[in-house]
Amino acid sequence: MQLLHVPSSFCLSFQNVKTHEEAGLPSYEKPLQLSSTICCSLQQQRPERSKWASRRGSALSSFTAKAASLEDVAGAPAISKGAAESDVLKALSQIIDPDFGTDIVSCGFVKDLDINEALGEVSFRLELTTPACPIKDMFEQKANEVVNLLPWVKNVSVTMSAQPARPIYAEQLPAGLQTISNIIAVSSCKGGVGKSTVAVNLAYTLAGMGARVGIFDADVYGPSLPTMVSPENRILVMNPEKKTIIPTEYLGVKLVSFGFAGQGRAIMRGPMVSGVINQLLTTTEWGELDYLVVDMPPGTGDIQLTLCQVVPLTAAVIVTTPQKLAFIDVAKGVRMFSKLKVVEQFGIPNLFDLPIRPTLSASGDSGTPEVVADPLGEVSKTFQDIGICVVQQCAKIRQQVSTAVTYDKSIKAIRVKVPDSDEAFLLHPATVRRNDRSAQSVDEWTGEQKLQFADVPEDIEPEEIRPMGNYAVSITWPDGFSQIAPYDQLQTIERLVDVPQRVPSQV
């Protein structure tokens with residue numbers, strides 16, 4: 001089974017911003033596009049598995065730990081608190097996150113720094129983007145090393161943690177999805193190629209890496225999850241007070257499937273199925289999850305469209321076999337996600353192969369995923385590589401999306417750096433407001449411009465800019481209007497050539 005990785009679409013494939021040579025990293029370590037995709041193809045042989053984790057480790061270990069020295073401790077006056085804090089942060093800034101290419105201090109990982117100068121004691125917390133970070137132990141080790149090299153330090157205490165589970169744009173989501181950091185779709189667009197096998201084993205691999213994980217089986221006509229896992233409670237329970245669904249669990253992973261609803265398989269028309277899928281997904285009490293893996297049904301119909309429009313997909317995995325017939329359907333699926341702004345380009349820079357093994361097929365019928373039954377086997381090692389790749393790309397995508405469009409109040413300009421581009425540029429806020437294409441600004445039937453040039457003050461400033469899915473931002477203006485500005489539209493707006501002078505901050 002061949003797995004590829006790229007941006008947030010159904011082929012777990014991720015687009016690189018820089019070439020491998022420019023970034024100096026293997027293909028799976030490049031900055032990628034906003035969306036992520038992985039593609040899986042079933043084959044008889046698998047190439048030598050990726051050494052991503054060890055390469056990251058080597059990259060992180062390669063930096064030279066040169067702690068800034070103050071003076072010889074002997075006879076030196078006691079260090080001030082400000083100087084001590086500066087020393088510690090300077091030492092920690094030598095540690096570079098290989099995904100973001102930025103030091104851990106600039107990434108905002110260092111929290112709760114506490115220093116006792118008299119005793120030479122330093123404690124702090126490293127808050128990573130995910131508990132499944134594959135090099136968290138190395139971060140902890142290096143942080144201890146560089147701070148201990150400071151001449152006045154006698155004891156260092158490092159605590160590791162992860163950011164709370166929360167999507168970038170939680171306010172716009174149904175309540176059930178507001179505490180889920182990343183939603184990963186697994187699709188094949190073709191039945192019987194191993195999609196559900198990949199979805200379940202990927203989910204349990206991420207759980208084994210320390211993440212909080214859920215699986216949503218979106219196939220109402222033929223749910224696979226009840227066969228592939230063996231939860232003690234095989235019936236979903238409704239919370240009568242909240243009118244919400246309580247998921248069942250197996251080995252610490254939360255599970256929701258129509259097959260657990262006591263209905264078996266559904267016989268109903270498309271619109272009804274879409275409503276059932278929407279209810280199961282959005283009214284479930286998922287709790288805090290780092291990753292929700294969605295096992296998509298085959299095809300590109302109503303259910304797929306509903307899921308892509310309701311759910312903010314972070315990344316996607318496409319599973320396929322090498323046969324031409326399977327690839328034809330994969331291409332259809334990728335084109336669908338491209339139209340929905342889930343995938344920007346059809347490119348798959350990295351490929352994972354999963355061998356067709358009798359044990360892998362048998363595990364799907366036994367109720368125990370292969371990565372659980374044989375955690376040290378060849379299949380589990382491949383899924384470990386895929387899991388590492390998913391974790392890396394999701395973190396990178398979240399970082400790119402959160403900083404794509406910002407407002408610089410000092411120069412009264414909107415900064416734009418679209419995730420799939422190296423180009424950064426400035427826009428005048430009034431120009432952005434005047435280019436709104438919603439029904440409030442442009443007549444939908446005639447195309448007549450309703451919002452006139454003079455209606456927008458030249459000195460207008462946005463009150464808030466927040467991500468809107470993987471394709472746009474929502475800009476709130478002083479008059480209360482919320483403008484949806486797609487990235488591709490922002491790239492066509494007239495840009496500021498002469499950068500405004502910085503406005504001095506008011507004391």
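**Exercise 1. A helix and its length**

How many residues does helix H5 have, and what distance does it reach from its first C-alpha to its last?

*Solution.* The model is predicted: local features need pLDDT of at least 70, side-chain atom pairs count only at pLDDT 80 or more, and totals for chains, interfaces and linings use all residues. Residues are numbered from 1 along each chain as its sequence is written, and side-chain values use heavy atoms, with hydrogens and water left out.

Step 1. Helices (H or I, at least four residues) and strands (E, at least two) are DSSP runs, numbered from the N terminus. Helix H5 covers residues 195-208 and has 14 residues.

Step 2. The expected span of a helix is 1.5 Å times one less than its number of residues. H5 reaches 20 Å, close to the 20 Å expected at 1.5 Å a residue.

Step 3. Just after H5, Gly210 takes a positive phi of about 105 degrees.

**Exercise 2. The nonpolar cores**

Which residues of the largest nonpolar core touch the most other members?

*Solution.* Step 1. A nonpolar core is a set of buried Ala, Val, Leu, Ile, Met, Phe, Trp, Tyr and Cys residues joined through side-chain atoms within 4.5 Å. In soluble globular proteins, nonpolar side chains tend to be buried together.

Step 1. The largest core has 67 residues, and Tyr204, Leu206, Phe216, Leu255, Trp286, Leu292 and Leu307 touch the most other members. Helix H12 (residues 378-402) supplies the largest share of this core, eight residues.

Step 2. Apart from this core lies another, of 27 residues, among them Ile104 and Cys133.

Step 3. Beyond its neighbours within four places in sequence, Leu292 is in contact with residues including Ile180, Phe216 and Trp286.

**Exercise 3. A sheet and its hairpin**

Describe the sheet that contains strand S24, and state which of its side chains are buried.

*Solution.* Step 1. Two strands pair if DSSP finds at least two bridges between them. Three strands make an open sheet in the order S22-S23-S24, with antiparallel pairing. Strand S22 (464-468) and strand S24 (482-486) stand at the edges with a single partner strand each, so one side of each is left without a neighbour in the sheet. The twist averages 25 degrees from one strand to the next.

Step 1. Strand S23 (residues 472-476) is joined to S24 by five bridges. Val473 has Ala485 as its bridge partner, and Ile475 stands opposite Gln483.

Step 2. S23 and S24 form a hairpin with five residues between them, and Gly480 in the turn has a positive phi of about 90 degrees.

Step 3. In a regular strand the side chains alternate between the two faces of the sheet.

**Exercise 4. A tryptophan in a loop**

Where does Trp477 lie, and is Trp477 buried or exposed?

*Solution.* Step 1. Trp477 lies in the loop between S23 and S24.

Step 1. The relative accessible area of Trp477 is 0%, so this residue is buried.

Step 2. Not counting residues up to four places away in sequence, Trp477 touches residues including Ile414, Arg433, Ile460 and Gln483. Trp477 and Ile460 are 17 residues apart in sequence and 8.0 Å apart in space, C-alpha to C-alpha.

Note on methods. Axes are lines fitted to C-alpha atoms, for helices over the stretch in contact, and angles run from 0 to 180 degrees between N-to-C directions. Buried means under 20% relative accessible area, exposed over 50%, partly exposed in between (1.4 Å probe, protein chains only). Contact means heavy atoms within 4.5 Å.
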